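Reader: I have a structure open and have not looked at it before. Can you walk me through parts of it?

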Amino acid sequence: MDTNISDRIRLRFNLFDADGNGVLEEEDFIALADRIIQAVGAAETDPKADALRAAHAQYWQSLQLTNAADRIDLAAYAATVSAAGWFDRNGLPYAQSLADICDRDDDGQISLTEFQPVMEAAGFAPDKVRQLFASFDRDGNGSVDRDEWIAGIEEFYNPSVSDTVTAVLVDA
Ligand SMILES: [Ca+2]
Ligand SMILES: [Ca+2]
Ligand SMILES: [Ca+2]
């Protein structure tokens with residue numbers, strides 16, 4: 001495994017380890033979804049909040065079922081999410097639900113104002129969020145559309161390409 005791959009997997013692992021205890025548990029995924037829902041001020045009954053909770057639950061269940069364990073360490077996480085087809089089944093619904101809850105005004109575009117609270121709630125350092133936004137905005141029009149968002153997340157999970165998230169987060 002080259003350094004870049006292990007960097008990006010460790011980054012994601014640490015982002016999901018909401019309580020920072022070094023293993024992923026169901027509580028981490030519940031806490032993360034709740035943090036994002038609170039950050040955008042979505043109502044409990046908002047369908048976007050339900051979809052976000054469901055996608056986080058699905059992400060967690062894929063880890064739990066694959067490993068038959070209630071605590072997932074970095075090695076188990078890396079093996080599960082690197083398996084063929086994992087992203088399309090579990091990562092894509094997660095990315096879509098995040099894009100949807102980000103787009104508060106339903107115009108199909110994610111502005112920096114919409115992006116910032118969600119990414120900070122997801123665990124990204126405030127000073128990195130602006131850089132991430134710029135790197136997701138591939139056509140440079142000042143907003144991130146749904147396709148740009150999903151392309152950015154998909155790259156973050158695709159070990160065969162160098163991705164913008166890791167490039168921004170891992171200091172050169
Ligand atoms: Ca944890
Ligand atoms: Ca919007
Ligand atoms: Ca754009």
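Reader: Fine. What is the mean pLDDT of the protein?
Author: This is a predicted model, and its mean pLDDT is 92. Of its residues, 96% reach 70 or more.

Reader: Where is confidence lowest, and where highest?
Author: Confidence is lowest in helix α9, residues 164-169, with a mean of 81. The highest value, 98, belongs to helix α3, residues 47-67.

Reader: Ok, helices. At what angle do α5 and α6 pack?
Author: The angle is about 130 degrees, and the axes are 9 Å apart. Here α5 is residues 86-102 and α6 is residues 112-121.

Reader: Which residues make the contact?
Author: From α5 there are Leu-98, Ile-101 and Cys-102. From α6 there are Glu-114, Phe-115 and Val-118. By class, that contact has five nonpolar residues, one charged and no polar.

Reader: Which residues of α6 are buried?
Author: Glu-114, Phe-115, Val-118 and Met-119. Looking down the axis of α6, these buried residues fall within an arc of 110 degrees, so they line one face of the helix.

Reader: Why would they end up on one side like that?
Author: An α-helix has 3.6 residues a turn, so residues three or four places apart point the same way.

Reader: And what covers the buried residues of α6?
Author: The cover includes α2, α5, β1, α7 and β2.

Reader: What about α7, which of its residues are buried?
Author: Leu-132, Phe-133 and Phe-136 are buried in α7. Down the axis of α7 they fall within an arc of 105 degrees, so they too line one face of their helix. They pack against α6, β2, α8 and α9.

Reader: Switching topic. What is the phi of Ala-68?
Author: It is positive, about 45 degrees, although Ala-68 is not a glycine. Most residues other than glycine have a negative phi.

Reader: Where does Ala-68 sit, and is it buried or exposed?
Author: Ala-68 lies in the loop between α3 and α4. It is exposed, with 6 other C-beta atoms within 10 Å.

Reader: And Asp-106, what is its phi?
Author: Asp-106 has a positive phi near 55 degrees, and it is not a glycine either. Its place is the loop between α5 and β1. Asp-106 counts as exposed, with 8 C-beta neighbours inside 10 Å.

Reader: Last one: which residue with a positive phi follows α6?
Author: Gly-123, with a phi near 110 degrees.

Technical notes: Residues are numbered from 1 along each chain as its sequence is written. Chains are lettered from A and ligands numbered from 1 in the order in which they are written. This is a predicted model: local features need pLDDT of at least 70, side-chain atom pairs count only at pLDDT 80 or more; totals for chains, interfaces and linings use all residues. Axes are lines fitted to C-alpha atoms, for helices over the stretch in contact, and angles run from 0 to 180 degrees between N-to-C directions. Helices (H or I, at least four residues) and strands (E, at least two) are DSSP runs, numbered from the N terminus. Two residues are in contact if their C-beta atoms, placed from the backbone, lie within 7 Å. Ala, Val, Leu, Ile, Met, Phe, Trp, Tyr, Cys and Pro count as nonpolar, Asp, Glu, Lys and Arg as charged, and the others, Gly among them, as polar. A residue is buried if 20 or more other C-beta atoms lie within 10 Å of its own, exposed if 12 or fewer, and partly exposed in between; C-beta atoms are placed from the backbone. The arc is that of the directions from the helix axis to the C-beta atoms. pLDDT is the predictor's confidence in each residue, from 0 to 100.
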